[in-house]
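Here's a quick briefing to keep beside the model while you look around. Have the viewer open and follow along.

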Amino acid sequence: MDLTYPPESVAFRARVRELLQDNLPADWEGMGALTPEQADEFIARWRTVLHEHDLLAVNWPREYGGAGLTELEQLIVAEECTRLGVPQGGLNDNFSVQMLGPTLLVWGTEQQKRHYLPRILSREDVWCQGFSEPDAGSDLASIRTRARLDGDHWIINGQKTWTSYGHLANSAFVLCRTSSNPEESRYSGMSLLLCPLDQDGVEVRPLKMMTGDAEFTEVFFTDAVCPAENVVGGPGLGWKVAMTLLSFERGETAATLPAKFAKDVERLIDLARTSGRLDDPSIRERLAFAHEGVEQMRHLGLRAVTRWLAGEDIGVESSIHKLFWSEWLQSTTELAVDILGLEATAPIGHGLQGIAFPAAEAGTPNTSGTWADYFFRARAATIYAGSSEIQRNIISERILGLPKEPR
Amino acid sequence: MYFDLSEDQQELRSTVRAFLEGTASLALLMRRLDSADGYDEVVWNRIATELELTGLAVPEEYGGSGFSLLETCIVLGEMGRVLYDGPFFASSVLATTALLASDDEDAKREYLPQLARGTLLGTVVGAGAERTGAESVAVKASRTTAGGWVLDGRASHVIDGDRAGVLIVPAAGDDGLDCFVVDGDADGLSKASLPAMDLTRPLAEMVFAEVPARRLGGAGCGEVVAGRVAEIGSVCLAAEQMGAAEVCVEMAVEYAKQRHQFGRPIGSFQAIKHRCASVHVAVEAAKSSALYAGWAASGGVGDIAVIAGTTKACCSEAFYLAATSAIQVHGGIGFTWEHPAHLLLRRAVSSREFFGSPAFHRQRVGAWIAEVSAAGPGRADRRLEASAWSP
């Protein structure tokens, strides 16, 4: 057992920390302290800073514009960004830098890698994800968006939903049904297509959430077109490619998420103190329980990081993390509402700023407004990125080996 | 950055697991309990002399192997898996810890080598009680005219009290909590076995009537010993709880795969499957904390009192959840005497209460949080220091 980092990485960490701090104002508190307008401005500027200093795609190969470093450096960059309360990229980079890019590195042709990867970094292409549909959520394989090959183009018809930041993107990677053969399994016959959104056949509409925000969109494809070569991995391999893409759970979120949640507990303790609730034994007990959860998440994270740095696949175990933190977050935001009492029924101040997904950003003001917003956002945590019910299926079947039910 | 057992530690774990499966499995335990024979002394001797586990955490200068607490936690995890009923926890964990914490060189040199060899069994009186201060301890020490010490009072729920050859006894002295060593067969000491809920963890109640005692350490040593025993006892019990919790999950899953109803394995129904998944998550999370606590306590990293509290709370709950769920998944058969599930539940309940229930620890940690917070807003650094987060 050794919880220190290799000596060689100490210098790298110091350099990264200095670099990040040099590009921040002296009174920087974290993204959470910015107004929405300031946040937009900041993210745009910040992304450029990261890109210029080779910190945007830390472990992509150099030949495609990355820094060519390892998981360890990626982890360190993530930890330092978390420490300072700055994002690791722009709003859509979660889908492009984190998911599509690495997927192309696995499944893409050489020509696709050379074309798309640099354009992700330069933001010539801004991506969003076209997976879920109104009738295909947990059961992703039941998608109905179809694409047929017509000469040198795919023609796409259908509707995607829950597309994050679709209104900010100019491209989408879209999971489509491209063939149907009743003899084949329902997991075959799909393809992952790369589709430009700036065309007549595509319409993007905002989806307003219970929080009042509209970061999600619906995307309608009506005879939308993309070139025939815009398929990743080959026609019919869409499911496999999609599973690769969804598996890019960065090992470092297991390390950085607990750090963010620890800050949430800190704010909550302060909230209890200033609300005069810190003397209440039941509030103290619940705060201790919240702290206990953060500790467990940190320790689970240490385990995950150990495996990730050793090059092991932590895919299935990520279900354990997700289930734990999403339920913890609901319990903790519920505690916040109880600490606030009546004030929660008419929250004061704006909600969470920045990306704030899934955790609040550093510098978030400690107000009823931010906690009430957080409470609502937390209700989605057990639904997105694989609902708790799906996670329990995965854990019971793939980790414990229990049999699938007949379907 | 390596948060896992080393190869040597994994080897220790497999060796102990294989040994206990062969000599002290749950099946053998149940036979022993039915015959009311008590623990198997042959197996104990092998644990002590062949595997040398009893002296694992005793420094070499006192006749032990000089390993860290983490190795002891590994052994306890394996013992937890089989609900081992020998006196390891009382003697090799509690009594050993008490002596090591005492700073009494003479006592260490006299008793530790014997405890390490397993030839002397020890325990700590009052260990596992929530309150360990002088005002809560019901044993009082007084000076004799000859200049020695005698103890008067009573104590209960003493783990392995009946078979211990030596007792470490925190007792109220003139000014605070002192500590004493008492012979298991001392004059004036009456011991009675309590009918324990946990059949694998014998408990005794004791009455002290002018029992001659040897003082351990200086004035106030009892405070130090009781505190240390509470911390280390919690961390070690957590390790043991996690081994047993693992077995609860394994048992439930195995049953759910084999038991068929309505034409298919019951584990294929989501109600069963999801329950097993929820338990697994709770156990894996608590296990990670138990591993961290064992490591932190070995190296004196962070605030062990706080770490021990959070660890004991989540491990107690996870084990309790696993044991109750195992019974539920097994249906009617899980409720029978013949099935080991009830033994696991009994251990889960006794372990939940020894060294403080989850509620107790959360109240204490909550009070600590409030105290730290009183120093001003955002005292994250103090809380982080206590848990020893890396920079």
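This is a predicted model: local features need pLDDT of at least 70, side-chain atom pairs count only at pLDDT 80 or more; totals for chains, interfaces and linings use all residues.

Residues are numbered from 1 along each chain as its sequence is written, chains are lettered from A in the order in which they are written, and side-chain values use heavy atoms, with hydrogens and water left out.

**Where chain B meets chain A**
- Chain B puts 57 residues into the contact and chain A puts in 51, with contact meaning heavy atoms within 4.5 Å.
- About 4900 Å² is buried between the two chains, and carbon and sulfur atoms give 64% of that; this is the accessible area (1.4 Å probe) that two parts lose on being put together, summed over both.

**Salt bridges**
- Four salt bridges span the interface of chain B and chain A (a side-chain nitrogen of Lys or Arg within 4 Å of a carboxyl oxygen of Asp or Glu).
- R303(A) and E284(B) form a salt bridge through their side chains, at 2.7 Å from N to O.

**A helix pair in chain A**
- Helix α9 (residues 318–340) of chain A packs against helix α10 (residues 368–381) of chain A at about 150 degrees, with axes 9 Å apart. Axes are lines fitted to C-alpha atoms over the stretch in contact, and angles run from 0 to 180 degrees between N-to-C directions; helices are DSSP runs (H or I, at least four residues), numbered from the N terminus.
- Residues making this contact include W325(A) and L329(A) from α9(A), and W371(A) and F375(A) from α10(A).

How values were computed: Helices (H or I, at least four residues) and strands (E, at least two) are DSSP runs, numbered from the N terminus.
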